[in-house]
Structure formats: structure tokens, C-alpha cells
Amino acid sequence: MPTEEKKNKTIAVVTYPGLALLDLVATKTVLDDLAMATRYRSVSVGERTEAIASNTPMRIIPEKKFEEVPDPFALVVPGGGIASLEAMGNDRLIDYLRFAEHTAEMVCSVSTGSFLLAAAGLLERRRATTHPAYAELLKRLGVDYVEGYSVEDGKFLTTAGVSGGIDTTLELVAKLRSEGAAKLIQTDIEYDPQPPFGGLDWGEADGDGLVQTLEEHRMDLEQALAGRPDLYQKLFG
Amino acid sequence: MAAEEQGEQKTIAFVLYPGLTVFDLAGPLQIFTGLSELVPEYRTVVVAERVEPTDTDIRVKMIPTHSFEEVPNPYVLLVPGGGVPTLRAMSNEPIRNYVRSAAETAEVPGSICTGALILASVGLLEGRQATTHWAYHKVLEQFGAKYVRKRWVEDGKFICSAGVSAGIDMALALAARLTDEETARRVQRSLGYDPHPPFGGIDYDHLGALAGTVRAGLSLAAPVIAARPKQLTRQNR
């Protein structure tokens, strides 16, 4: 019997403590627009349907538990910087990604969400990308890192996520539906970006900054990755 | 006690209310959370009638950090928008009272998207230049504001952004006004905001053809839900 998720083409957006609020919110907003007149439905999933921290002072409560959405049509993993690295040690989350990936026809990550896909072993022998500041670290995990705003390999779409997931999800909509649908949603959320001081020059992204950040969080990461010494060792080389 | 907790800090307060478009809030919240981390002189909070899980348009519940009473005099007050729930909020007394009194003492009161309608509904935008989501510009004008189609518009101490994602650009401009361009750029870098819409920008000259978007559809109902704008702006003055 096909489950409700299949009939409705559920897109599961994965949450974890400390995730980037905008990655979650922008992704869900764009997907909700897609849900109009289609059978795609987005749902946020988490370990528990209890309050978790975001990377802002506002806490969030995901809609469903992982086990309530066992076979989504697609998976989206938001970023969270260091919080993503810590979440690599969360067995329940990593197990969910491994399990849900079997039935998912598309697997996407925003920014450092790709670290969770890597921790689940889903990026082995695949080309993938991440937030430019974390490129070096993703390589340390053995992923074939490709520089770019988005990289597609099979059913995997990993993105740099440098617009809080907006660009990523518009691309996803174009793949699932059409470019016209993506443009319509873009108009609805008035996404015509005009950063007052222009974009960012990623050429300036300095590796030293990342090494320093990593050192600052060494204790937290050691604790968070206690069950995954393999990952901890690779990160700290 | 609230004053004691605030100390010398300047508070940037976002208003949260049931059913709002949480994207309006999430973008600028990321910017000002980043600013607070770099410049401890500022603290960023999310205020609501009660500190409890609050429903949002994307069904992910969000938990504010403070109640209205706990933050009576924020330095910056930002009101996010939404669809029908925003039109309802315009006649909700606790929200109206808080917005009116906090905007009065705030150094910078402002709005994102249709949040401008809430400011306008308590009479704060009469005769002022302002902006809102493109589909709602006529509703804004009914409240006596002069609609300007720009990414964000400043008039006196007020600042308003266009729809949804425009709040991010406005927040960066405001961050620069509160501090300096260099600091705003550092915030942008720490967030990695470098938007690249995969299918280009918005063609504002042909919006008529795009009237089928979600927010455009809802805006048609606005005059019915937010009836008698003149009465609303005069209520409880």
C-alpha cells in the first residue's frame, strides 16, 4: 500500500539543533508555494517534535518525527555551520538520512547540510559542494568537492547555499515542475536581490579563519562526535 | 527588571504573531543576530503577546524570546508581514497597542513585506513614503501611505521593505546605518549572503501576467478582511 507520503510526494526538510533558521524557512516557504496546485508537500522532520535551538535567538518545533516520515519523495538538509558538523554525531539523524535516501528520488543539501549526507556515507564517489568556507573540511571527509553554486550528481543536488537556501529551492522547483513555476514563486516571495554592498568575493575566503573556528569548537566537536571517531579524526587531520 | 537586563544594550525587536510569513522575519533576524555577535552593543530579540510556541505560515512553530511587556522600548522595532493572518493582526488590540507604543519610542520602526500594513493600520504611515509586497500596494495606499516600488524605502525614522526576501537587503542597509558599511559587510560575510537567482531577477514591468501568485491572490481579499482602513487608523488614538 502506498503511504500517504508517496501519494502526496512529501519533501522532508531535516532539522537539527543549531541549524540555520533561514535555510529551513526559505526552503519551506518556496516548497509551500510549489504545493499550490501540485501534489508536493513539504514537512519539517526532527528527532522529536520538541523545541530546538536555531542559529538565532528563536527556537523552532519541527512538525514530524523522523519515523513518521519514513519514505519521503525528496530530502532537503539545511546548513548550520559548526552545528552541522556536530549533528554528524547524531545517530538518529544519520540513520534517518540513510534510510530515507533509499526511497527518495531527490536528495538536496543547502550549505553545510552536505556534511550530514557525507556522514551518512551518501556522498561516496560523488561530486558535491558546500559553503565555500567549508570546502577544505568536506574534502577531508573524502568527498569529491566541486566549487560552484550547485552541483548535481545523480539524484543528489548539493549547493553552496549562499542565499539561505532560496537559490537551491528554486532550482529544485525547476527540476520537479518547471522553470516557469520557479519564476512565479520568485515573484511571490519578491526575490529580486539587491544586496546594498553587492555580493561576496569568495576568493577572499581564508582557510585560516576556518582552522581557527574549528579549534575554538574542538571540545564541542570531540563530545558531539564521540560515537564517530572516524569523522573526528578526518576533520582534525 | 527588563531595563536592568537590557543594561546599556540597544535592543532590536522583531514582532511575532500567529500565522505570519516567517520568512519575512527569518532573513532580517539572521542579519541582526549576526550583528549582535559582532557588536555586543546590540541585542536581538523576538517579541510576542506571550512566550509560547506560535504557529507560522510554514507550520513550523516558533518560540519568541520575550513578551511585549518585557521589551517596551526597543531601539529598533521590525514588523513582519503575511497574508490573511496579517490582515487579522491589524485589528488585534494587543498587537496594535504594542506596535503603536513601541514604534513611538523606537529610534527605527520598520516593516518587512505586508508588515507595513500593520504600521499603517495604527496610523503611523499616513502621508509617508513606504513600500510593501507589490501585490498589496493598493491596500497600503488605502491607509494614506505613499507607495514607492523600491527594495526598501526610508521616510523620517521609518524604514519599510518590499516583499518577503527584500527584508534581507533592507536589514543589511539598516545594519550599516546603525554601525558602518564595513561592519555590515562583515555580517554579510559571516552569513554568507551572496544571492544568485538561478533564473535571473523579476520583470516588474510584466507583473500583471503573474497575478496568479499566492500573495497576489490573497491581496484581493484584503479590502474585505481589513475593512474600513480609515476607521482602523483612528481607533484608540
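What percentage of the 237 residues of chain B count as buried? The share is 55%, where buried means 20 or more other C-beta atoms within 10 Å of the residue's own, with C-beta atoms placed from the backbone.

The model is predicted: local features need pLDDT of at least 70 and side-chain atom pairs count only at pLDDT 80 or more, while totals for chains, interfaces and linings use all residues. Residues are numbered from 1 along each chain as its sequence is written, and chains are lettered from A and ligands numbered from 1 in the order in which they are written.

**View 1. Overall dimensions of chain B.** The C-alpha trace of chain B spans about 45 × 45 × 35 Å along its principal axes. Eleven helices and ten strands make up the secondary structure of chain B. Helices (H or I, at least four residues) and strands (E, at least two) are DSSP runs, numbered from the N terminus. Of the contacts in chain B with a separation of 6 or more, 66% come from residues 24 or more positions apart; a contact means C-beta atoms, placed from the backbone, within 7 Å.

**View 2. Helix 8 of chain B.** Helix 8 covers residues 181-191 of chain B, and its residues Ala184(B), Val187(B), Gln188(B) and Leu191(B) are buried. These residues lie on the same side of helix 8 of chain B because they cover an arc of only 100 degrees around the axis, the arc being that of the directions from the helix axis to the C-beta atoms. The buried residues of helix 8 pack against helix 2 (22-38) and helix 7 (166-178) of chain B.

**View 3. The contact between chains A and B.** Chain B gives 51 residues to the contact and chain A gives 48 residues. On the side of chain B that touches chain A, the largest share, seven residues, comes from helix 2 of chain B. That side of chain B divides into 28 nonpolar, 14 polar and nine charged residues; Ala, Val, Leu, Ile, Met, Phe, Trp, Tyr, Cys and Pro count as nonpolar, Asp, Glu, Lys and Arg as charged, and the others, Gly among them, as polar. Strand 3 (residues 59-61) of chain A runs antiparallel to strand 3 of chain B, joined by three bridges. Arg59(A) has Ile63(B) as its bridge partner.

**View 4. The open sheet of chain A.** Seven strands in the order 4-2-1-5-6-10-9 form an open sheet with mixed pairing in chain A; two strands pair if DSSP finds at least two bridges between them. Strand 4 (64-65) and strand 9 (150-153) of chain A are the edge strands. Strand 5 (residues 74-77) and strand 6 (residues 106-110) of chain A pair in the parallel sense over four bridges, and Val76(A) has Cys108(A) as its bridge partner.

**View 5. The hairpin of strands 9 and 10 in chain A.** Strand 9 and strand 10 (residues 156-159) of chain A pair in the antiparallel sense over four bridges. Two residues lie between these strands, and Gly154(A) in the turn has a positive phi of about 60 degrees. Val151(A) stands opposite Thr158(A).

**View 6. Surroundings of Thr159(A).** Thr159(A) counts as buried, with 29 C-beta neighbours inside 10 Å. Beyond its neighbours within four places in sequence, Thr159(A) has contacts including Ser109(A), Tyr149(A) and Asp167(A).

Note on methods. Buried ≥ 20, exposed ≤ 12 C-beta atoms within 10 Å, placed from the backbone. Contact = placed C-beta atoms within 7 Å.
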